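Here are some friendly notes to read alongside the model.

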Amino acid sequence: MSGDPQHRLSLIVAALGAACCAVLSTGCANLAAHDAAAAGADRLPAGEASFEPAPADPQAAGQAPVLEIQAPTALRELLQRHLDLARLLALREDEAPDETEWLRLVGAAPAQARELLQTEGYFAAEVQVRRDPTPPGRVIVQVTPGPRTRVRSVALLVQGPLQQRAQAGDAEAREQIEAIQGAWPLAVGAPFRNADWSSAKTVVIAQLRGLGYARAALARSAAEVDSAAATAAIAVDIHSGPRFLAGALHIEGLDRHDETIVRNMAGFAPGEPLTETLLLDYQDRLRKSGLFDAAVVSFDADSAQAESATVAVQVRESPLQSATVGVGVSANTGPRLTLEHTHRRIFGQPATAHNKFEIGRDRQVWEGEISTHPGDRFYRNLVGGQVERLKSDVDVVLSQRLRLGLAAALGQGLFNR
């Protein structure tokens, strides 16, 4: 390097100074960046929000969820049976839902609880559901039921042929309508419960069908609820449909017995109203006749055939013969052996023979009866007898008895006439 030495020294000092400034400025910039980063750790950029972490799943933390329902006893039991939250608690641990499903059920609980309370007549109920952090997973359902809705008025109208008969002056039809209206189960002043409302409609339809109106049905049913006044106005219109009258008997299931026997036990003639009582009584007589193990009586509910409905009778015959053996002990006559035998078509004739033998230490008995199958007005001809030998400490008594006459099947059994 040429030139003045002093000049060269000045250039060297200037170069060293520039280098030092460059190093110092880089260090200052790094320090400023570090400080800005440190400050940014405590401060979010403008326009963003912070969120607290979601509550931990109590089941994942090993703590089972707890449901507390604060309500009157009857309503508390209702919610415990049907509320989804309550049913969730009955699940096995491996079936338990995750936190997302748990939160969904908690959110849906108020609306579901109000719907359940409405079925019991509480249409202005208030329901609050909250999660209690102590202990984790505890959910409180608080119910303020408010006043219970009660029936304010009932308008029950019967339409159709039954009403037409009543308007034409038929006293029986008027009495039937009055009986149906008077027996309406959900009366004025009663709590308006969903179960009672449904049951009342079912009952009134069953009453009409039992009177022979097999096609009776609801034409309209409405309940206007005033939640502020806690009252309900009920309006029900029923169409009776035609009254069904008996036509021909159609009998199935006979093998050994004659159709005449089944027809004799009908107790009604063509043209009679096919009421529930009429059919059940006929069915009961068939079953108690001793000739059939089962009997079902029904009719064709085709409205076009209402004036002469076919009555279907299905029977299952009892065995032609049956026998029973028994062993017992009597305090008065000691041990005994009994044998009973029944033949339901003796000698191929429509007659039943029944014999019973009892052989004991002190008593021996035979009793028997032969009776014809039911005839006109359910009557049977019968002949029966009994022979008994009874031994006591002092003597032996031999007695005999003979029966001859008519018996009628009246409701619960046979009665001698």
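1. Ala230 sits in the loop between strand E5 (217-226) and strand E6 (231-239); helices (H or I, at least four residues) and strands (E, at least two) are DSSP runs, numbered from the N terminus. Although Ala230 is not a glycine, its phi is positive, at about 55°. Ala230 has a relative accessible area of 10% and so counts as buried (buried means under 20% relative accessible area, exposed over 50%, partly exposed in between, with a 1.4 Å probe and protein chains only).

2. Phe378 is another non-glycine residue with a positive phi, here about 70°. Its place is the loop between strand E13 (363-372) and strand E14 (379-391). With a relative accessible area of 15%, Phe378 is buried.

3. A word on the source: this is a predicted model, where local features need pLDDT of at least 70 and side-chain atom pairs count only at pLDDT 80 or more, while totals for chains, interfaces and linings use all residues. Residues are numbered from 1 along each chain as its sequence is written, and side-chain values use heavy atoms, with hydrogens and water left out.

4. For the overall picture, the protein has nine helices and 16 strands. Of its 417 residues, 33% are buried. Taking contacts (heavy atoms within 4.5 Å) between residues at least 6 apart in sequence, 52% join residues at least 24 apart.

5. Please look at Arg344, in the loop between strand E11 (334-343) and strand E12 (351-360). Arg344 is buried but has no salt bridge (a side-chain nitrogen of Lys or Arg within 4 Å of a carboxyl oxygen of Asp or Glu). The nearest side chain of opposite charge is Asp293, 6.1 Å away; in this count Lys and Arg are positive and Asp and Glu negative, with His and the chain ends not counted.

6. What does the side chain of Arg344 have as polar partners? A polar atom of that side chain lies 2.8 Å from the backbone oxygen of Gly290, and a polar contact of 3.3 Å links the side chains of Arg344 and Ser322. A polar contact is a pair of N or O atoms within 3.5 Å; within protein, one must be able to donate a hydrogen and the other to accept it, and residues adjacent in sequence count only if both atoms are side-chain atoms. Beyond four places in sequence, the contacts of Arg344 include His257, Leu291, Pro319, Thr352 and His373.

7. In helix H2 (residues 73-82), the buried residues are Leu75, Leu78 and Leu79. Viewed down the axis of H2, they fall within an arc of 90°, so they line one face of the helix; the arc is that of the directions from the helix axis to the C-beta atoms. These buried residues pack against strand E1 (66-70), helix H3 (84-89), helix H4 (99-118) and strand E3 (138-144).

8. Strand E1 has Leu67 and Ile69 on its covered face, and Val66, Glu68 and Gln70 on the uncovered one. In a regular strand, side chains alternate between the two faces of the sheet. E1 pairs with E3 in the parallel sense over five bridges (two strands pair if DSSP finds at least two bridges between them), and Val66 stands opposite Arg138 in E3.

9. Finally, is Val188 buried or exposed? Val188 counts as exposed, at 55% relative accessibility, and lies in the loop between helix H6 (171-182) and helix H7 (194-210).
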